[in-house]
Structure formats: structure tokens, C-alpha cells
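Open the model in your viewer and follow the stops below. Each one says what to select and what is there.

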Amino acid sequence: MDKLIIEGAVPLKGEVYLSGAKNSVLPVLAATLLTDDACVIKGAPNLRDTLTMMKILRSMGKGVEFDRGTITVVSGRSPGYTADYKLVSTMRASFCVLGPLLGKVKKAKVSLPGGCVIGIRPVDLHLKGLKALGADICIESGYVVAKASNLKGARMYLGGVYGSSVLATDNVMMAAVLSKGRTVIESAACEPEVSDLAEFLIKMGARIKGHGTPIIEIEGVKHLHGATHTVAPDRIEAGTMMAAALITRGDIVIKNVLFEHLGAVIDKFEEAGANITKTDGSIRVRCARQLRAVNVTTLPYPGFPTDMQAQVMALMSVVPGISVITEKIYPDRFMHVAELNRMGAHIQREGPHAIVEGVKSLSGAPVMASDLRASACLILAGLAARGRTAVLRLYHLERGYENLEEKFQKLGARIWREKE
């Protein structure tokens, strides 16, 4: 198993090109189960999660090829309907095959999901929405077993304890596009990745409107055809790169970016004192002066994303003053706090809040990543720290960032891999 070695305290400078969004490509790939025609997905990031979703599609009879960012999906043998535990347990997003299987095959057997251990993330909203469409669902031996001989459109409310659910919205939307009649999803997730999936479904012949708002309306159609789609650039990678520029006191131009997806992140970094220049398709981020401590609360889109919480905490750990970071999506998503403190940060957790007292500098240390975004957090801390940092458990990082160390190397970082 590899580990990342970082010799920090080097300002990052240069240009970086964003990969396609992990949280877009996975449901888009799942949506190819809705048609027997060929689909071509462009801008796909080469990630462990992408490869896992491709394996799931192959296990269901699809032919899948991946060549330089383009994934081609065609129908092969008779379609299957079982998503095995060995695959689904490694990646929560793979649970979104449930909706398209019900819509197209009319039955599904999908393992309850796994992924990063960042707190309880139940699937009750998924099941609630699919049952509203007429699916018969039960849990057997760790699998969701569902049948739906005649899905019918329905009006439903998908709000949960911590707000809307992206994957539940995806699952219900994919099942509803082949149902009879009209479906209305209230408290739908507004994330850009949901809109990206909706745009792909529309290209396939689906009738959807309201995506990107809390109310999505769907008129079911009899069948969908193949389509070609380019996934949106990864807004979380964009935010991570912005944080990297600031924490190293650098100057980075980020290309292939949709800054309209980054409103809350840009606003918070500008409040902290960042110099951010937006041009067509790129963002320049500079740290021209001393940054200020800011408070951050994670919220569903268009609020500050939970997937950026760990990275902004790394940044605030070296900014003078006290900041309070409140996690309202996954209140247990603070396992990176102990590792940052090992590097000299002063962070105290109180329930869903982390109180961060900025220190003058961090010092390199061996640290262990607990989840995908914690991996990015610790790498950012290592880039800013004095001395050598070793980040272990890189398999988390490989799930969601494409060639991150190579991108940082091109920006001047002293970062490389070694065997543990």
C-alpha cells in the first residue's frame, strides 16, 4: 500500500485543469441501465469509484470500455438485477443503481451501501420515494430486494433530518422517468450533480423540469434511447485547489471550472481575505495578504458543501484568530480533527462544532486518512507544514481525486508516493 510523502512550506503556483465530477459520473453511469442503446460519457475521471461502477454495470450485462476520459456503455448479455455486496459495500454511490433497475428491469437486489465512515447515512429516503412510485421493497440478508411491475408517478416529499438527499433524489428521478404519469419530488436536492444527471436523462428522452430547484417534475415516458454526455467539472476538486492556493500562500489558476457552482465557497474564501479573479472558464486564487478567521456552517446546496468542511478546517488551522466550523449534514464528520492536532493544530470538538484556534504553523507528522475528504484535508495541511508529512491509507484519496499528487507536483509541491 502506498503513502504520500510531502515536504511542505512551498507556495503553489501555476495552472491546474479540473477533472470531471465524481459525484456526477457515478449516477450518470447508473442511468445507462435505463436503455439498451449505447451511451458515451465524456470527461469521466479515472477514479477507483468510477472503476467500481463500471464493474457493477458489467455484472449487470453491460459492455463497458474506458479510454482516455471517455466511457462507452453498450448492452451485452441478458440484463442482471443484482448489485453484489463486495462492490456496493466499498462505495455508497453505487446504491443509485436501485432506481434505474426498478425503472427498466422492474426488479432489483442491491446490497445496502458502504463507503466512507463519516456518520450514519440511512437509505430511508430512497426507499420512501421508490415505495411512493409503487415499488414493493423489503430488506433481506443485508440486501434491498425490490419489485415494481407497474410504477406510477406520485407526489412525494424527500426532506430528511439533515435536509435533502442527493442520492435519494437521483434514485427516485431515475425510476420515475420510465413510470406512468407525473411525478413531483418536493425537497429535492439542488446540487449541480443532480442537475447534471437530469440533463443526461433529458438527452436520453426523459421529460424533466425543475432540476436545480427543490421541486422536480417528471413526466414518465415509455423508453429512453442512448446519448452522449460530458460530465460537469468537479466543484469539490475546485474548492480543494482554492484552499491549496490559500494555505500555501500561493497563486493558482484553476481551469475547466464552473464558478456558478462555487458561490458559497468563493464567498467564504473572499470573506477570509482571498484574492479571487473569475474569468470565462477559470478562477485565479491568490493569497496577497494575511487571511482572517471565518466561521463556516455546512448546508445543502447552495450552502457551503460538507465535502469542503475538512479542507477549510485545514486552512483555518493556520489562520490567526478563532473560527467555528459547524457540520449540519454529517455531524460525526470530524475524524480528521485528531490528525490535524497531531500536526500542531489547536482544534476542539463540541458536538457538531469544531472550534479552531489558528496557529503560526503546522509541523509535519505521520497521519492517517479516515475518509475521502479527510485525505485532501491532511494533504493540504502537509503542503503548508514545516518538515515532512506522511499521509497513510491513500485508497480513500483514490476514490475521489484523479492524479492529485501529479497536479500538485506541477504546481511546485514537493510530494511523492512511497510504499508503506
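Predicted model: local features only at pLDDT ≥ 70, side-chain atom pairs only at ≥ 80, totals over all residues.

Numbering runs from 1 along each chain as its sequence is written, and side-chain values use heavy atoms, without hydrogens and water.

Next, show the cartoon. The protein chain has 14 helices and 24 strands. Helices (H or I, at least four residues) and strands (E, at least two) are DSSP runs, numbered from the N terminus.

Now switch to the C-alpha trace. Along its principal axes it spans about 65 × 45 × 40 Å.

Colour by burial. Of the 420 residues in the protein chain, 57% are buried; that means under 20% relative accessible area (1.4 Å probe, protein chains only).

Select residues 192-203, helix α7. Its twelve residues reach 17 Å from first C-alpha to last, close to the 16 Å expected at 1.5 Å a residue. That expected span is 1.5 Å times one less than the number of residues.

How many of the twelve residues of α7 are buried? Nine are, and the helix is mostly covered. Pick them out: P192, E193, V194, S195, D196, L197, A198, F200 and L201.

Finish at G205, which follows α7. The phi of G205 is positive, near 110°.

Terms used: Buried < 20%, exposed > 50% of the residue type's maximum accessible area, 1.4 Å probe, protein only.
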